[in-house]
Amino acid sequence: MEGTSSDAVRQVVLFTLGEEEFGLPVERVTSIIRYEKPTPVPHAPDFVEGVINLRGQIVPVVDLGRRLFGEGSSRSGSSRVIVTETTAGLVGFAVDSAHEVARMSAAAVMQTPESLASSELADAFEGVADHEGRLVMLLVPDKLVPPAVFVSVTDAEEASADV
Amino acid sequence: MSDDMSAYREVFLSESAEYLQAITDGLLSLEADPHDLEPVETIFRGAHSLKGMAAAMGYERTADLTHKMESLMDTVRKRERAVDAGLIDLMLRAVDAVRELISDESEGGSRYDASAIVADLVASAEPGARQAAPADEGALSSEPERGPEPEGAVYRVTVTIDETSVLKAVRAYMAIKRLGHMGSVLDTEPSARDIEDERFDRSFVVVVQTAEPPDAIERALLGISEIASVNVESDVARPTVARDEEGRESRSRRIVPKLAETQTVRVSIGHLDAMVNLVGELVILRARLERIARDRDDHELVEAVSGLQQVTSELQHEVMQTRMVPVGNIFNRFPRMVRDLARDLGKQVDFEMAGLDIELDRTALAELGPPIVPLRRNAGDPGIESVEERVAAGKPPRGWIRLSAERERDQVRVTVADDGRGIDVERIWEKACARGLVSASDREAYTDEDVLMLTCTPGFSTAERATKVSGRGVGMDVVKGKIEYLGGTVSLKTEVGAGLEVTLSLPLTLAIVPALLVGTANQTFALPLSAVAEVLPTDEVRVTTVDRSPCVVLRDGSVVPAWRLDQLVGESDGRRGRPRKKDHVVLVDVAGTRNALAVQRLVSRQEVVIKPLSPLFRGIKGLGGATVLGDGSVALILDPRTLFG
């Protein structure tokens, strides 16, 4: 594929879910912490494991495996929470392991495979990158969380603009 | 702009906002009674101070515009020009322009073009632009600062300005001005000119003759920001001129409302927020220390921690106080909006405000402004009818809108009421049916208030037609959403033809509340103590069944619905199980509605720092936030208003 800006380099946090490898843009990731069991939140969506205390801030933890594929995996000592800035504020994504930050050229990113593009969360997949012979699926943090439901924000802002 | 200047930019921005507010208030009271020229002085002085401050900041266009406003008001002050609607409108437009200019210039921009308004001001200040008002007896004698008869003792006042001040000339000017209002300024060292050009170090001397006592002089001057010290010497005393009745009369008339004089320090909001967060962390650490002390059974440590406890509580209280702001701070912009609205619509509306001194946490207050705007606007239109309609309906031609705040325990209630056309409940019902929100046969199941609350459904608007004012109709759904997001509630009352009353209830503070920690077998939750009526002794709990639902019978014989915490949070199956033998029963009371909550564990009573929950959890009922406990774990805060049902 012909890259228009083939010299653009992006940095991606690499992590795994099961056998597969994924990436999140490094500029959105604020920290990567060891997984500990979150405090469950009653009646929360099933892909939300609960909340954790991150240096005084309450951060929700999303089971990324369950969010993407409908099934979670068992946690182990290598499990990590990738704390990421999203449209819904800080969100921790629980993953099986997070091992490196990779530099890859924008040209290495290819179209999302058909099988994935058809899933409900198609927008969450930006594409697939070839990294040192392995395939890495690049994710869009804002699409991993439900869209903002507070529709009226714009109206309220307009209302306050003429105060 | 140097760093120093940019630090002062914020001070300038907030002070200029205060002056603009004072000018607006002055203009509105002048409009209400054009014969009472007292506000003219306030407006004149406000414009003058703005000019000085803007010049000091190097905002030349703002300085120029405010100078023109000052000149125009000077002609009014000297009775060369009468007060009329045109003048008020022009000055109000000028106020708007100043606001635009300031935001433009403070950002280093040059987008805003004020030349038109400047030209209007200049033209209006031209001699003969309007007939001078006849010198009727009701008007103020237009004496400038030099009073006709100097009176009082002569004082030598030495004023020292903070060394950190970069607006020295402005502060000095304010000081001299203020002394000018208290009496007559006879002399200054160095000269007034030098002071104005900032040719003095930190101190200057003002010789003033005034009837006010020395401590009043001192107080008045210390009320100005950045005045470090004031020394009043009375060695220059001259015989006091006796005052007759007439003299006192003319003197008291010259006293005009002064600009805010309270002793305050300006602190950036960022610092305040950081302080609250730090105190929050301190409260959490204290709780942790308490645990450790208890676990170790170390008496010395327990004692030290209890001392710490007291200090933290006081510190916390003080810090929270610094965040409390009177609602007047946001209410005060509404009179102008109502005036403009009424004018545009050709309606006659009196606007009343009450409870301006009620204080609310500044976060809550800042969030409260936007929801009130549409309410107030809806009250003006479509709420208040046109004059003809009102007269036809046998109502007085002038309508009223009332905005009031009152405090009730840990809640602040803000009410927007009007005596307009009100809302026809049955029409709302028909509309809701048409929209498919409800089915017509269910009318019985809804109280009038329930029906009214349907207007808070997204997209539901009662406006028949879009007007310039209500426009796309910022709906009640926005208001309700915002208020509930803040942990408050909305209620509506109406009577057709008699008006509408909207009440918003908000928690007083949003940050730290006392709570009862309760738990299921596996998880601890915090229940705000404000909603806990009592914890029932186990042997007094009598469980019964009413309509197949479990209830608890209290000592006084009243029957209260019973719920189990483990079921409410989905840990156990079923919805309304009977409290079990080992459960503790907490009586929860929200605005008179009582529920008995059976919890599996009673942990402790503790202050908790409320932290918001992620938007991912929006829409989940029964939760009001989360907090961090002494051991670093997270406890969810139960919201007693939405927990049951």
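Is strand β13 (residues 524-528) of chain B mostly covered or mostly exposed, and how many of its 5 residues are buried? The strand is mostly covered, with 4 of its 5 residues buried. A residue counts as buried if 20 or more other C-beta atoms lie within 10 Å of its own, as exposed if 12 or fewer do, and as partly exposed in between, with C-beta atoms placed from the backbone. Helices (H or I, at least four residues) and strands (E, at least two) are DSSP runs, numbered from the N terminus.

The model is predicted: local features need pLDDT of at least 70, side-chain atom pairs count only at pLDDT 80 or more, and totals for chains, interfaces and linings use all residues. Residues are numbered from 1 along each chain as its sequence is written, while chains are lettered from A and ligands numbered from 1 in the order in which they are written.

Strand β13(B) pairs with strand β22 (residues 634-638) of chain B in the parallel sense, over 2 bridges; two strands pair if DSSP finds at least two bridges between them. Phe525(B) has Leu636(B) in β22(B) as its bridge partner. On its other pairing, β22(B) runs antiparallel to strand β21 (residues 623-628) of chain B, joined by 5 bridges, and Leu623(B) stands opposite Leu638(B). These two strands, β21(B) and β22(B), form a hairpin with 5 residues between them, and Gly632(B) in the turn has a positive phi of about 90°.

Strand β22(B) is largely enclosed by the rest of the structure, because 5 of its 5 residues are buried. Val634(B), Leu636(B) and Leu638(B) point one way from the strand, whereas Ala635(B) and Ile637(B) point the other way.

Ile637(B) also belongs to the largest nonpolar core, which has 84 residues; Val62(A), Ile82(A) and Leu527(B) join Ile637(B) as those with the most contacts inside it. Domain 3 (269-323) and domain 5 (512-638) of chain B both give residues to this core, so it lies between them. Another core, of 61 residues, lies apart from it and includes Phe12(B), Val98(B), Val154(B) and Ala175(B). A nonpolar core is a set of buried Ala, Val, Leu, Ile, Met, Phe, Trp, Tyr and Cys residues joined through C-beta atoms within 7 Å. The domain bounds come from an automatic or database domain assignment.

Val98(B) is also one of the buried residues of helix α4(B), as are Leu87(B) and Met91(B). Helix α4 (residues 85-106) of chain B has 22 residues and reaches 31 Å from its first C-alpha to its last, close to the 32 Å expected at 1.5 Å a residue; the expected span is 1.5 Å times one less than the number of residues. Just after the helix, Gly108(B) takes a positive phi of about 75°.

Chain A has 4 helices and 11 strands, and 35% of its 163 residues count as buried.

Confidence must also be considered. Chain B averages a pLDDT of 78, with 86% of the residues scoring at least 70; pLDDT is the predictor's confidence in each residue, from 0 to 100. Over residues 238-261 of chain B the pLDDT is below 50. Where pLDDT is low, the predicted coordinates should not be read in detail.

Methods
Contact = placed C-beta atoms within 7 Å.
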